[in-house]
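Welcome, and thanks for taking a look at this one with us. Please have the sequence and the structure open while you read.

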Amino acid sequence: MSPRVTISKAIQAARIAHGLYNEKQLPLLQLDIETSIALSDWTSAKDKLDHYTWLLTDHVELPIGSIVDSLQWLVSAHEQGTFAAIEEDRIWHITRATSLSKALVRLMQQEGLEDSLPHVQFLYDLTQIHYLEARAILAGGTTGYQLREAHAAISNVESRANSLRRLYNTGLDRLTEIRAIMGNSDKFNAEAISIVDLRVADWKAHRKWSPG
């Protein structure tokens, strides 16, 4: 019996035993998606990621820690898709990774955890997604064009220069926010703050993204 068939049977058994929308199937669904990704079957993975997100956000109730873990896993899966999925699906993975990362940041803020390590990490993860977007735009192609199109204002598509300037400034703002959080909290030592200072300097070295 193939791994996919075994996982499918386990998912069905969990649904029969605990109901269609039970949280016990989430680890099995993750394994199913990871198997599809390992086999480079991104068409199947996309449908399964969509179902997992729908189940997680609309149909199960989990403690905050489990929600955070599941959202982090989703972001990681979508980040892989920005490189490995078929060209026409990469924009979908990038926008999903962005929206889920923003949801994680909002969740930390709602829980009053602004100065926590997870909140800082999620803010930093967003800067990495902005970097992925910038790389896609610099590379051109369908993904880069669609990213610029998604942020169109008056014109039909945002110019490459404006897109890169926006991403550069947004990423720098997030890193500056991280630096302020860490500098105003006794939860972070001098070494951690120094690492962030290096990240800020590294980001500024990418100024070439942003003409003008």
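Here is a short briefing on the fold, the cores, the ring and charge pairs, and the backbone.

This is a predicted model, in which local features need pLDDT of at least 70, side-chain atom pairs count only at pLDDT 80 or more, and totals for chains, interfaces and linings use all residues. Residues are numbered from 1 along each chain as its sequence is written, and side-chain values use heavy atoms, with hydrogens and water left out. The chain holds 9 helices and 0 strands, where helices (H or I, at least four residues) and strands (E, at least two) are DSSP runs numbered from the N terminus.

**Overall fold**

- Reading along the sequence gives the pattern α-α-α-α-α-α-α-α-α.
- The C-alpha trace spans about 60 × 45 × 30 Å along its principal axes.
- Of the 212 residues in the chain, 41% are buried; buried means under 20% relative accessible area, exposed means over 50%, and partly exposed is in between, with a 1.4 Å probe and protein chains only.
- Taking contacts (heavy atoms within 4.5 Å) between residues at least 6 apart in sequence, 62% join residues at least 24 apart.

**Nonpolar cores**

- In soluble globular proteins, nonpolar side chains tend to be buried together.
- A nonpolar core here is a set of buried Ala, Val, Leu, Ile, Met, Phe, Trp, Tyr and Cys residues joined through side-chain atoms within 4.5 Å.
- The largest core has 43 residues, and Tyr-52 and Leu-74 are the ones that touch the most other members.
- Two or more residues of this core come from each of α1, α2, α3, α4, α5, α6 (117–139), α8 (160–183) and α9 (190–204), and α5 gives the largest share, 7 residues.
- Leaving out residues up to four places away in sequence, Leu-74 touches Leu-49, Tyr-52, Thr-53, Leu-56 and Leu-100.
- A second, separate core of 8 residues has Ile-137, Leu-147, Leu-164 and Leu-167 among its members.

**Aromatic pairs and a charge over a ring**

- Rings of Phe, Tyr and Trp (its six-membered ring) pair if their centres lie within 6.5 Å, and planes under 30 degrees apart count as stacked, over 60 as edge-to-face and the rest as tilted.
- This rule gives 2 aromatic pairs.
- Tyr-21 and Trp-54 make an edge-to-face pair, 5.7 Å centre to centre with 75° between the planes.
- That pair links distant parts of the chain, with Tyr-21 in the loop between α1 (3–18) and α2 (26–38) and Trp-54 in helix α3 (residues 42–58), 33 residues apart.
- Tyr-21 is partly exposed at a relative accessible area of 42%, and Trp-54 is partly exposed at 36%.
- The ring centres of Tyr-52 and Trp-73 are 5.0 Å apart and their planes are at 50°, so this pair is tilted.
- The charged end of Lys-46 sits over the ring of Trp-92, 5.1 Å from its centre; the rule asks for NZ of Lys or CZ of Arg within 6 Å of the ring centre and within 35 degrees of the ring normal.

**Salt bridges**

- The structure has 8 salt bridges, each being a side-chain nitrogen of Lys or Arg within 4 Å of a carboxyl oxygen of Asp or Glu.
- Lys-48 pairs with Asp-32, with the closest N and O atoms 3.2 Å apart, and this joins helix α3 to helix α2 across 16 residues.
- Lys-48 is partly exposed at 23%, whereas Asp-32 is buried at 11%.
- Asp-50 bridges to Arg-96 at 2.8 Å between the closest N and O atoms.
- Asp-50 lies in helix α3 and Arg-96 in helix α5 (residues 87–110), so the pair ties together parts 46 residues apart in sequence.
- Glu-158 and Arg-166 meet in a salt bridge at 3.0 Å, N to O; Glu-158 is buried at 12% and Arg-166 is partly exposed at 23%.

**Backbone details**

- Most residues other than glycine have a negative phi.
- Ser-40, which is not a glycine, has a positive phi near 60°.
- Ser-40 is in the loop between α2 and α3 and is exposed, with a relative accessible area of 57%.
- Gly-140, which follows α6, has a positive phi near 75°.
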